[in-house]
Amino acid sequence: MNSYEGVFIAKSGLTDEANQKLLSQIEGEITKNGGKVDNSQSWGKKTIAYPIKKNKEGLFYKLDFTVEPGKMSEIKKAYGLSDDILRVTIIKKGK
């Protein structure tokens, strides 16, 4: 398994309940594909450098997780289908 670090930007207009549900969905997609979430942090609402889908602010989350490399395409595809997620950046951590 490889270690990854992901930063997720979600729509800023979400309620607290929807916010928690989205974070659970993000973590659930990793565990559904055989991965393990090591650490998750909410960085809160921040201004985005340039508008994404007409949004000037976003809720930022950072997750550290491990998963098999072959499952990354399925995980990225699932995040792309969510209307609440504006942008996802996932990088592989070095050894």
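This is a predicted model: local features need pLDDT of at least 70, side-chain atom pairs count only at pLDDT 80 or more; totals for chains, interfaces and linings use all residues.
Glu29 counts as buried, at 14% relative accessibility. Lys32 is exposed, with a relative accessible area of 62%. The two form a salt bridge, and their closest N and O atoms are 3.6 Å apart. Both sit in helix H1 (residues 16–32), three residues apart, so about one helical turn separates them.

Six salt bridges are counted in total. For the next stop, select Asp64. Asp64 is buried at 9% relative accessibility. Its side chain meets that of Lys62 in a salt bridge of 3.1 Å, N to O. Lys62 also counts as buried, at 14%.

Lys93 is partly exposed, at 34% relative accessibility. Show Glu5 as well: Glu5, Lys62, Asp64 and Lys93 are linked in a network of salt bridges.

Now turn to the rings. There are two aromatic pairs. Select Tyr4 and Phe65: their ring centres are 5.7 Å apart and their planes are at 25°, under the 30 degrees cut-off, so the pair is stacked. Tyr4 is in strand S1 (residues 2–11) and Phe65 in strand S3 (residues 55–67), 61 residues apart. Tyr4 and Phe65 are both buried.

Finish with Phe8 and Tyr79. This pair is edge-to-face, with 4.9 Å between centres and 80° between planes. Phe8 belongs to strand S1 and Tyr79 to helix H2 (residues 72–80), so the pair ties together parts 71 residues apart in sequence. Phe8 and Tyr79 are both buried.

Conventions:
Residues are numbered from 1 along each chain as its sequence is written. Side-chain values use heavy atoms; hydrogens and water are left out. Rings of Phe, Tyr and Trp (its six-membered ring) pair if their centres lie within 6.5 Å; planes under 30 degrees apart count as stacked, over 60 as edge-to-face and the rest as tilted. Helices (H or I, at least four residues) and strands (E, at least two) are DSSP runs, numbered from the N terminus. Buried means under 20% relative accessible area, exposed over 50%, partly exposed in between (1.4 Å probe, protein chains only). A salt bridge is a side-chain nitrogen of Lys or Arg within 4 Å of a carboxyl oxygen of Asp or Glu.
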